[in-house]
2 protein chains.
Amino acid sequence: MENKGNFGNAASTPAARERPTLKTIAFMTGLGVTTVSRALKDAPDIGAETKERVRMVARQLGYQPNRAGVRLRTGKTNVIALVLSIDEEIMGFSSQMVFGISEVLSGTPYHIVITPHSHSKDPMLPVRYILDTGSADGVIISRIEPDDPRVRLLSERGMPFATHGRTDAGLTHPFHDFDNEAFAHKAVEKLVERGRRRIALLQPPSKLTYYAHIRIGFQTGLHDYGAEEVPLRTNTDAPLADIRDVVEVMMRSANAPDGIVCSAGSAAIAVNAGIEAAGKALGRDLDMVSKQSVPILNWIRPEIITAQEDVRHAGREMAKAVIARIDGVEPELLQSISQPTWPESGR
Amino acid sequence: MENKGNFGNAASTPAARERPTLKTIAFMTGLGVTTVSRALKDAPDIGAETKERVRMVARQLGYQPNRAGVRLRTGKTNVIALVLSIDEEIMGFSSQMVFGISEVLSGTPYHIVITPHSHSKDPMLPVRYILDTGSADGVIISRIEPDDPRVRLLSERGMPFATHGRTDAGLTHPFHDFDNEAFAHKAVEKLVERGRRRIALLQPPSKLTYYAHIRIGFQTGLHDYGAEEVPLRTNTDAPLADIRDVVEVMMRSANAPDGIVCSAGSAAIAVNAGIEAAGKALGRDLDMVSKQSVPILNWIRPEIITAQEDVRHAGREMAKAVIARIDGVEPELLQSISQPTWPESGR
DNA sequence: CATTTCTACTGTATCGTTACAGATTGCATT
DNA sequence: AATGCAATCTGTAACGATACAGTAGAAATG
């Protein structure tokens with residue numbers, strides 16, 4: 001009865017020093033490989049006592065299922081692909097997101113694989129690659145457009161995914177978003193509170209969905225608090241040097257604003273440089289409200305009024321959403337929006 | 001002669017819509033699976049014409065080898081694991097490194113997997129996990145200590161790896177490092193040039209190898225240029241609020257320094273806050289020289305004299321080193337040190 | 001007592017790839 | 001004509017896990 005079953009035809013006997021496999025456990029318990037596999041999955045047709053024994057031995061051996069074996073047989077990769085734009089933000093935006101995702105994945109068998117791309121190249125490429133090679137069980141993407149072709153493709157192919165930002169074309173899918181409308185609205189309020197009336201907006205590139213959210217929040221804010229817009233012809237994607245130059249020109253012009261709303265932390269730095277280059281100063285000639293995803297603006301220019309976007313939290317939410325989606329939860333239930341927080345100024 | 005070989009006993013015929021495998025190519029070319037496999041690897045025992053034909057069909061089908069298959073059979077994972085401390089730096093330090101690594105890996109079959117950990121927990125854990133599960137072909141680690149146990153373990157187990165920073169205990173291994181000694185030395189020079197003589201150093205935690213490099217550069221600098229050290233009792237790992245407080249106290253004290261050398265960009269922000277809290281100002285009462293890995297300090301406090309550390313470049317170098325190591329290149333040949341660059345101040 | 005049903009377990013085939021140990025063919029050599 | 005030998009090509013087994021289709025034995029049923 002000893003050493004039967006799978007070891008009958010196989011020549012090998014499990015070596016002590018190798019990484020344990022199901023075969024090792026099967027050998028040690030005297031059970032079949034199949035039984036061990038099913039026992040570890042808590043299948044209903046395995047005896048309670050047997051399960052217990054298998055689990056004990058597995059634990060003792062430090063058994064970890066071989067990923068390649070599982071993946072080959074079942075097609076499950078246990079990988080979440082994070083598609084990142086390599087020219088995203090200069091300041092740790094994406095690292096915080098990665099860490100948020102990792103936090104959630106650390107309790108699961110999932111690993112995080114970074115799939116980088118440049119947003120000057122075709123943004124479909126990384127997504128197509130993942131789909132064609134089946135190299136992930138789930139995908140996380142950002143920089144979402146209203147009718148994002150990546151979202152369409154992923155949905156079509158039935159690949160679970162979550163987005164950082166929403167679409168706006170009747171597509172239902174898991175997402176996490178920051179309430180940019182609320183941010184922009186409140187930003188205007190904060191400026192008007194300080195007696196500012198002529199306000200410029202440094203907005204995101206118009207192709208991204210949240211451009212519209214920012215615009216709406218900004219414009220209803222202007223309307224609600226009786227302020228007017230001073231046009232600013234650049235966006236948060238522009239090189240910092242360009243932003244500085246454009247702002248400098250604006251600040252030197254006859255109708256310079258007395259308030260600025262800035263949609264990205266790194267851009268706020270350039271805006272401030274432009275303001276100073278024009279001989280103006282925050283807090284004196286004008287005020288600025290900016291979103292930031294890494295809490296540093298307040299450290300350097302306490303005069304900048306900031307709203308905090310918790311990107312790490314966004315990462316957590318998206319990771320949870322993708323996993324839930326993989327587990328079959330309906331997309332409608334996997335959408336969340338987080339509110340800006342307004343830390344008391346200073347520090 | 002058609003449809004023979006592997007298709008004789010197998011019931012399946014390759015479906016058109018599925019992802020192509022070697023079997024598909026074998027079917028289309030009328031060759032055996034083994035032949036196709038060897039042809040694609042350019043093995044010497046396959047005819048030139050056959051190779052050409054196989055390559056053509058493979059290209060046409062968009063064949064990509066199944067990673068799980070390769071991994072299961074050969075043990076090669078095609079994964080480079082990047083071990084990242086989730087409490088690393090607040091500012092995009094690690095994202096830039098990730099992108100640098102990605103740049104190099106994009107031309108190879110390697111993927112990058114992030115293995116996060118907290119450096120308050122046992123730093124051996126992620127490394128042991130990778131070794132025990134064989135989940136990567138190569139590893140990249142940072143926050144290196146003089147006699148780093150991770151470096152020892154990885155070497156012992158023959159796992160290819162590269163480090164960001166050096167060890168200092170007779171261990172030979174691939175690394176990329178920033179010349180912190182040169183940085184600190186030059187930093188003192190820059191301060192003395194501006195007439196500063198009493199200099200404080202915000203140093204890295206003493207357990208990290210580059211603590212010594214910074215100290216040596218700093219002290220030889222003091223000696224060479226005839227300046228003296230004002231002690232500063234904190235380090236770059238401390239919470240920003242702590243750094244600010246300690247600096248504030250120091251700046252209020254009788255023997256406040258007239259110069260500061262700062263070993264990390266994010267810490268410089270807190271140092272500056274401390275200076276201002278004490279009612280002092282950079283450029284007037286004292287000067288500061290700081291290292292930065294993301295070029296933003298100059299944007300916000302142009303008065304801070306900065307040395308740039310190109311972390312993206314470091315990522316590239318380490319990725320190249322790991323791959324070379326995997327390919328059997330000797331570790332001695334895979335060590336590089338990059339010099340600080342001193343961008344002209346301003347903007 | 002024969003038969004069905006249920007419980008607990010097992011062998012075989014398979015995922016895609018590659019190492020290994022042959023085959024087959026044609027051609028030159030003895 | 002027999003032999004040797006490259007040059008090409010091929011089948012089989014194996015990596016580790018799991019889906020599937022069983023089997024053996026005990027217990028319940030008629």
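In what order do the five strands of the open sheet of chain A stand? The points below take this up after a word on conventions.

1. Basis. This is a predicted model, in which local features need pLDDT of at least 70, side-chain atom pairs count only at pLDDT 80 or more, and totals for chains, interfaces and linings use all residues. Residues are numbered from 1 along each chain as its sequence is written, chains are lettered from A and ligands numbered from 1 in the order in which they are written, and side-chain values use heavy atoms, with hydrogens and water left out.

2. Sheet of chain A. The order is β7-β6-β8-β9-β10, and the pairing is parallel. Strands are DSSP runs of E with at least two residues, helices are runs of H or I with at least four, and both are numbered from the N terminus; two strands pair if DSSP finds at least two bridges between them. At the edges stand β7 (228-230) and β10 (305-308) of chain A, each pairing on one side only. From one strand to the next the twist averages 25 degrees. (Axes are lines fitted to C-alpha atoms, for helices over the stretch in contact, and angles run from 0 to 180 degrees between N-to-C directions.)

3. A strand pair and a helix in chain A. Strand β6 (residues 198-202) of chain A is joined to β7(A) by three bridges, and the two run parallel. Ile199(A) has Glu229(A) of β7(A) opposite. Helix α10 (residues 209-225) of chain A packs on this sheet and touches β6, β7, β8 (259-262) and β9 (287-292) of chain A, where contact means heavy atoms within 4.5 Å. The direction of α10 makes about 175 degrees with that of β6(A).

4. Chain B. Its open sheet of five strands also reads β7-β6-β8-β9-β10, with parallel pairing. Four bridges join β8 (residues 259-262) to β9 (residues 287-292) of chain B, and Gly259(B) stands opposite Asp287(B). Helix α9 (residues 180-193) of chain B lies across β6 (198-202), β8, β9 and β10 of that chain, at about 160 degrees to β9(B).

5. Relation of the chains. The same surface serves both copies, as 100% of the contact residues of chain A recur in chain B.

6. Cavity. One cavity of 30 Å³ or more is found in the whole structure. Residues of both chains line the cavity, among them Phe99(A), Phe99(B) and Ile114(B).

Terms used
1 Å grid on protein atoms, 1.4 Å probe; cavity = no way out; pocket = protein on both sides within 12 Å on 5 of 7 lines; lining within 4 Å. Points joined across faces, edges and corners; volume = space filled by probe spheres on them.
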